[in-house]
Structure formats: C-alpha cells, structure tokens
Amino acid sequence: MIRLFLIGMCALVALASCAVVSIVASTGNRNLAIGVGAGCSAVNADPKAVADALGAGYDAGQARHAITIWAVAADRGLGERAAVVAIATAMQESALRVLANPNVPASYNYDHDGEGHDHDSVGLFQQRPHWGEVKDLMNPSASAGLFYDALEKIDGWEDLPVTVAAQKVQVSAYPDAYAKHEAGARAAADAIGGEAECGGEWVHPVPGAGIVSAWRSASRPSHNGVDLGAERGAEIHAASAGRVVTVVCNAHTPAGRQLSCDVDGSPQIMGCGWYVEVAHAENVLSRYCHMMQRPAVEVGDTVAAGTVLGYVGSSGRSSGPHLHMEIHRSHKPVFDTAVNPEWFFGTKDISL
Ligand SMILES: [Zn+2]
C-alpha cells in the first residue's frame, strides 16, 4: 500500500475544508481510502466487513458500535488516531458491547448487549458514575463523546502510543491490556474510513443573499454573525457537511417570558428565534437563526453541504426576514469562539 498525503489545499488554515488529509491508495483490488475526519460520514460502513477487521469473535452488532465510535471522532474532526484509541479501549473494556451492571440498576433501563460486574462500571467504555449520567454512559455515541472529552484533555495525546493514550484516559489497573487490540482497532478504522463519504465542500447558505449587517461592526460590537438579507421563505442550506446538534426556539421577553417562534419577532424581544446549529469537522460549528417555522431537520441528523435546514423568517429578535449566521471555531460556541463569517467563507472562495 502507498500512503499519499493530500494536504496542499489545507496548508494555510486548519479548517474544515481540509477534509481529506490522507488517502491510502492500494495496488490491490481494494479502492481505499480516507481517514477519519473533516466532514466524513460513516453511513456506508459495512458492519460485516468491520467485524472481520476487528478480528475473531466480533459480530456485526459489536462492529456497529465501532462505527459509532469512529463517527463521533469524525464529527469532532479528531482524526483516525483518536478513533483507534477509542475503539481499542472499548474492545478491551467491553469487547465492544454496551454492558449493564447489577451494581447500577438504572443501567438496565437502557439498551444493552450484556452484563458486566466490575465495580459500578457500565457501557462500552466501562465508565464509572463520575464520568457522567447513566443514560450517557449507556449510550454508545454519548459515551464515546465522554471518552474523547477526556482524551482531548491529555497534552500531546496525538503523539502518544495508542496504549498509553488509552491508559491515561481510562486509568486502568491493566495498562498493557490495550496493546493487543491496537491492530484490530486500526484495521476496523481503516475499513470504516475506506467506505466513508468525506466532503469538505462549503456552500453559500442562502444563494444570492448578501450581507445587510456585518460582523461586530462599530455600531453592533456584539453582533457575532452576519445578517444575510433574503426573502421570507427562502431556503437555508447547511453550509457544509456535518451533524445537527441544536434545533431550538429561542424567543423571550427581556424578563424571560417564552414567546412563540412561529410568528415574527421584533427588535424589542430577545433570542434568535428558530435556530439550528450544525457541527462540522475540525471543530467548526455553524449557526442559523430567525427561521420562519420549525426547522426541517432534527438533532442528530447528518446533513450534506446544501441540505435544506429551514426557511428564512423573522422569528426572535429581528426586524424583518433575514438569516443571521454565525461560524464558531468550537462545537461549544461562546462569544470568543465566533469568527467573522465573511472572512471564513472567503477562505472557501465563497463571497457572502
Ligand atoms: Zn444578526
């Protein structure tokens, strides 16, 4: 196999458009493959093939959990190495099974593949209660997210051997136990990545709409996005591939009384109305506000660049139909994570 690195287009900025950072070309009959990350979706992964890659004793059900673990890494733009660490960890901890535990009765309220008896550890990663709520520890996707939260806190985890990284997250009594799973985890990640659909493409969220109010202008220093003027009912498109993480009506009086988002708001009220957030690879997030009605997507939906999220309206704090759009360099958006969308889209050769 020959490993090629396609990083030229991504050289200047480490952003979500750097979708494909490595391609493994094959001289054999496999057409491979693309690593985790950057807008990659695992929906095409074949659980049977992934089970074979994991090794003897693994079935399609266990493989589906590996695919979920991989997909969460991709959503976060963490790269293949993170997925390998997490899959190897879950292989060691639970043989990739969601385990309930008699010592944690609530764990039986959630889908599980079997039962474990180690202290009060539950789920794929055998996380104990201090990791989070039982419902999350028993949820493959949420528990993988908790694993990656911990992994990302380890300085230089990208450069650590897989087993060392796993041990630092898990603080296991058997630190060497992860090593024997590394090859299977890596093969599984390759199998999933080989079928992944990756797209770093970005598109204009409302084609034809221009900026009517700029990002953090002198008169609006706390305006964390741009306002794109558009007709009521115009389609709002996901600017790039990703996962819908927020669908909310946010409209209330200054005193906090909740208001409807299905009607026009006004400059006198608070909130950005019906809004959607999409998490993209490389830790980028886009936010779309003031939609005219309940958005067309739901939390957890995987979207492509151009997927219709909803329709331009004037719900929330708004004086007329427009799309208020924000770009954040974090999946946990706050004031300081916002960047100027006009600049950001400019790096994609898109003029807002
Ligand atoms: Zn705005």
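In which sense do strand E8 and E15 pair, and over how many bridges? Strand E8 (residues 226-229) pairs with E15 in the antiparallel sense, over 4 bridges; two strands pair if DSSP finds at least two bridges between them.

## Basis of the model

The model is predicted: local features need pLDDT of at least 70, side-chain atom pairs count only at pLDDT 80 or more, and totals for chains, interfaces and linings use all residues. Residues are numbered from 1 along each chain as its sequence is written. Helices (H or I, at least four residues) and strands (E, at least two) are DSSP runs, numbered from the N terminus.

A residue is buried if 20 or more other C-beta atoms, placed from the backbone, lie within 10 Å of its own. His322, His324, Glu326 and His328 point one way from E15, while Leu323, Met325 and Ile327 point the other way. In a regular strand the side chains alternate between the two faces of the sheet.

Strand E16 (residues 338-339) pairs with E15 in the antiparallel sense over 2 bridges; here His328 stands opposite Ala338 of E16.

## Helices H1 and H2

The axes of helix H1 (residues 47-54) and H2 come within 8 Å and cross at roughly 90 degrees. Axes are lines fitted to C-alpha atoms, for helices over the stretch in contact, and angles run from 0 to 180 degrees between N-to-C directions. H1 is therefore roughly perpendicular to H2, a term for angles of 65 to 115 degrees.

Pro47, Lys48, Val50, Ala51 and Leu54 of H1 meet Ala60, Gln62, Ala63, Arg64, Ala66 and Ile67 of H2; contact requires C-beta atoms, placed from the backbone, within 7 Å. By class, this contact has 8 nonpolar, 1 polar and 2 charged residues. Ala, Val, Leu, Ile, Met, Phe, Trp, Tyr, Cys and Pro count as nonpolar, Asp, Glu, Lys and Arg as charged, and the others, Gly among them, as polar.

## Helices H2 and H5

Helix H2 (residues 60-75) and helix H5 (residues 140-152) pack at an angle of about 50 degrees, with their axes 9 Å apart. The contact involves His65, Thr68, Ile69, Val72 and Ala73 of H2, together with Pro140, Ser141, Ala144, Gly145 and Tyr148 of H5. By class, it comprises 6 nonpolar, 4 polar and no charged residues.

Technical notes. Contact = placed C-beta atoms within 7 Å. Parallel < 35°, antiparallel > 145°, perpendicular 65-115°, else oblique. Buried ≥ 20, exposed ≤ 12 C-beta atoms within 10 Å, placed from the backbone.
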